[in-house]
Amino acid sequence: DYPTDRLTRFEIILLSQLVTLTPRTISIYIAADFSYLRIHTLDFDEDKMTIQKIDYDLKDPLLRFTRC
């Protein structure tokens, strides 16, 4: 599960779409309270590495776009 604390609902939905557009990943569930995003990956075995990769490659640029 990918924690979505400090993200708005719009940012969570947009991030889930970006994850799905990334090869070998798919977002499969957004919690009803928007507290986490469930992601399935084919490349990464470790949750910590997956979270770091999503933060660096997707979340950081997304926040630069939405919070400029």
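**Backbone, helix packing and pocket of a predicted model**

Arginine 6 is placed in the loop between β1 (2-3) and α1 (9-21), where helices (H or I, at least four residues) and strands (E, at least two) are DSSP runs numbered from the N terminus. The structure is a predicted model, in which local features need pLDDT of at least 70, side-chain atom pairs count only at pLDDT 80 or more, and totals for chains, interfaces and linings use all residues. Residues are numbered from 1 along each chain as its sequence is written, and side-chain values use heavy atoms, with hydrogens and water left out.

Most residues other than glycine have a negative phi. Arginine 6, however, has a positive phi, near 70°. Arginine 6 is also exposed, with a relative accessible area of 70% (exposed means over 50%, with a 1.4 Å probe and protein chains only). A positive phi near 70° is likewise found for arginine 24, which lies in the loop between α1 and β2 (25-30).

The helices α1 and α2 pack at an angle of about 135°, their axes being 11 Å apart; axes are lines fitted to C-alpha atoms over the stretch in contact, and angles run from 0 to 180 degrees between N-to-C directions. Helix α1 is therefore oblique to α2, since angles under 35 degrees count as roughly parallel, over 145 as roughly antiparallel, 65 to 115 as roughly perpendicular and the rest as oblique.

Both β3 (36-41) and α2 (47-66) supply at least two residues each to the lining of the largest pocket (a pocket is an open set of points on a 1 Å grid where a 1.4 Å probe fits, with protein on both sides within 12 Å along at least five of seven lines; lining residues have an atom within 4 Å of a point).

Methods:
Buried means under 20% relative accessible area, exposed over 50%, partly exposed in between (1.4 Å probe, protein chains only).
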